[in-house]
Every structure is written in structure tokens, then in C-alpha cells.
Amino acid sequence: MLLVTSRGTGRWVIPKGNIDPRLSPHAAAAMEAREEAGVIGALSPVPLGSYRYRKRRGSGASLMADVEVFPLAVSEELDSWKEQGERERRWFPLARAADVVDEPDLRDLIRSFAPADFRAAIRRGHQAGMVAKDSGWGSMFGWFQRLLPRTGNFFELFEAHAAAVQAGAEATARLFAGGPAAAEHIREISEREHDADDITREVLVTVRKTFLTPFDRGAITALIGALDDTIDEMQAAAAAVDLYGLDDFAPEMRDMAALAVDAARLAAEAMPLLRDITRNGGRLHELTERLIRIEGHADEVHAAGLKRALRDHGATDTLRFVTEREIYKHLERIIDAFEDVADEIDGIVIDHA
């Protein structure tokens, strides 16, 4: 399989790009293959599958992009092509091509070209079950497996959720910095909120299925709920900005968005430390103290912002004042939600450190 490097990061990818509205999707794919990889050949009009990845925009937004993948049988490699000086192209053995790409769905698509290897991997994966069945212990083996304690992957889920929250906070700060890319930042916040919702649902399902949990089930659901509230409020703030069409933000709004980024960073630092509460209890307490101080400072910024809005618009533009007050309310709720995260972490530390 032929792969090319991306211009931005140098990682291995397949040729891809935006679809020219004058072309069919597979014709656009053939054009990208020629321009980016310098290859031509027979291309199927039926996509092999699709995958998603995050694409960094010039505005700083990181947005989800959906890619349909069309198989192309290369018949000629050109000696020169449009992006020859901007990318490296290289042929990889199929298994190696799957290993070097970053996107899990693309990795699976690449591996699907070798069904024999795929079937062999499945057979190896089922080997234990086959041995149990052949030995006459199949039913007891399955019964015993169901009795084994399970601890779930809660720590990985907490860390993934905190990463989504941090990315959402950074997009929120970019939105309140102003500029022409507001729609992209609003879209990214919404995407990050959907990612966080998926993780929250997985945590709740895992709690129900798990025999042994690292700490109290109520603490697990309360912590993931508090984390989820932070990014829900970010989405609410972004939706309000979109609804009212605001593109000019007071300094206090930008300050509160910056405080949300700082709080999200502290929460993201705290999540891995929960893996060993006894050893990390002191550091966790320091982080929660800082989160609480951030909430107190945000209250001061919030009050100053409302005073500015009342002074500038209260007597002359009541609608603008009401609109800004609504935005401040959502920004304050973001920081309040981070204080709830701090409270939940403190509770866990008190119970288990």
C-alpha cells in the first residue's frame, strides 16, 4: 500500500482532500492521489469504507472530518507531480501500513485488504475458547469467566473525558478571543461535547457491568457527571454566542474563558493521579485547592463584567445588556462546574487516601 506524509505533521496518511463540487467523490479521490502521491490507476467508484479524524484549521480549531476511502489499483507512478516537494511517498507491506497510520478506523480498513490474515487473527483470538470446547469444559469455562472480578477501564475513561474537556475549553477561549472563525470554534466545542457524552455513557455502562470498582460507584458517577457538566456549559455558552450573533467580547468574558482553560488543565492533570490516591493524595489536594481559588477569582471577574455591561449598555441598549448577562451566566457556570469536579476529587481522596 502506498502512503504519503502529511504536510503539517509529517505523519503517514492516505492522499485525501476536499471534494470539488464539479467531480464525483471517486473522481475527486483519483485527483488527490495524482496530486499528492503522483499515481494513477483504476479506481473503484464504490468506497471501501470511511473513517474520522481531527483536522487542524488555520484558526486553531480542531474539527472532525469524515473521509470516504476508495481503493485505487496503481498502474503508473509519475516521475513528477504537483506536491512532490511537499510530501514523501512510500510503499509499505500491508501490515506495516496499518501500523504506521494513526487513525484506528483507517488502520482497520487497511487490514481489511488481507482477509486471510484477518481470519487467522480471529482464529488465534478464539484459540482459548476452542480449547475449552474441545476439552469438554466449555460451559464451565464460560461460567467461570463470568465470575471473574472485573475492574473496568475507569481511569482511561476519566483521562479521555478530561482531555475532551480541555480541548473544549481551549476552543471556548479561541471563540471568546473573537475573529472570523467563530463558526469553526463553535462546531469544535459541540464535537468535543459529543465526544465527552460518549465517554460518560461508557462510564455509566461500565459501572453497571463491573464487579469491582476502584472506588465507590456513586463517586465514579458523580465525578464523571461533574466533568461532563463543565463541557455541557461550554456548549451552552457557545450556543448563546451563536444565537445572539455576538462577535465582540468584553475583556472580562475573555478572562473567564481563560480561567476555564486553566481549570481544565488542572482537572486533566488530576485524573491520572487517581490511579494511586495514596501516593498522590497531597498533589490532588493542591490541584483541587487551585480549582477552588480559580472559582473565587472567576466570581470577581464575573461581577466586574456585569458592572461594565450595566455601565456601557444598561441605559442605552437594554437588549445588549441582557445578552451579555446571559453569556456571563454560562461562563460562570463553567467555572462552577469545575469547582464541583474539585469537590468530587476531594471526596475520593478523603475516602481512599
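Arginine 201 is partly exposed at 48% relative accessibility (buried means under 20% relative accessible area, exposed over 50%, and partly exposed in between, with a 1.4 Å probe and protein chains only). Aspartate 198, with a relative accessible area of 44%, is also partly exposed. The two side chains form a salt bridge at 2.3 Å, N to O (a side-chain nitrogen of Lys or Arg within 4 Å of a carboxyl oxygen of Asp or Glu). Both residues belong to helix α8 (residues 182-209), where a spacing of three residues separates them by about one helical turn (helices are DSSP runs of H or I with at least four residues, strands runs of E with at least two, numbered from the N terminus).

The model is predicted; local features need pLDDT of at least 70 and side-chain atom pairs pLDDT 80 or more, while totals for chains, interfaces and linings use all residues. Residues are numbered from 1 along each chain as its sequence is written, and side-chain values use heavy atoms, without hydrogens and water.

In total, 26 salt bridges were counted. Arginine 11 pairs with glutamate 103, the closest N and O atoms being 2.7 Å apart. Arginine 11 lies in the loop between β1 (2-5) and β2 (12-13), and glutamate 103 in the loop between α2 (94-100) and α3, so the pair ties together parts 92 residues apart in sequence. Glutamate 103 is buried, at 7% relative accessible area, whereas arginine 11 is partly exposed at 22%.

In helix α12 (residues 318-352), glutamate 324 and arginine 320 are four residues apart, about one helical turn. Their side chains meet in a salt bridge of 2.8 Å, N to O. Glutamate 324 is buried at 4% relative accessibility.
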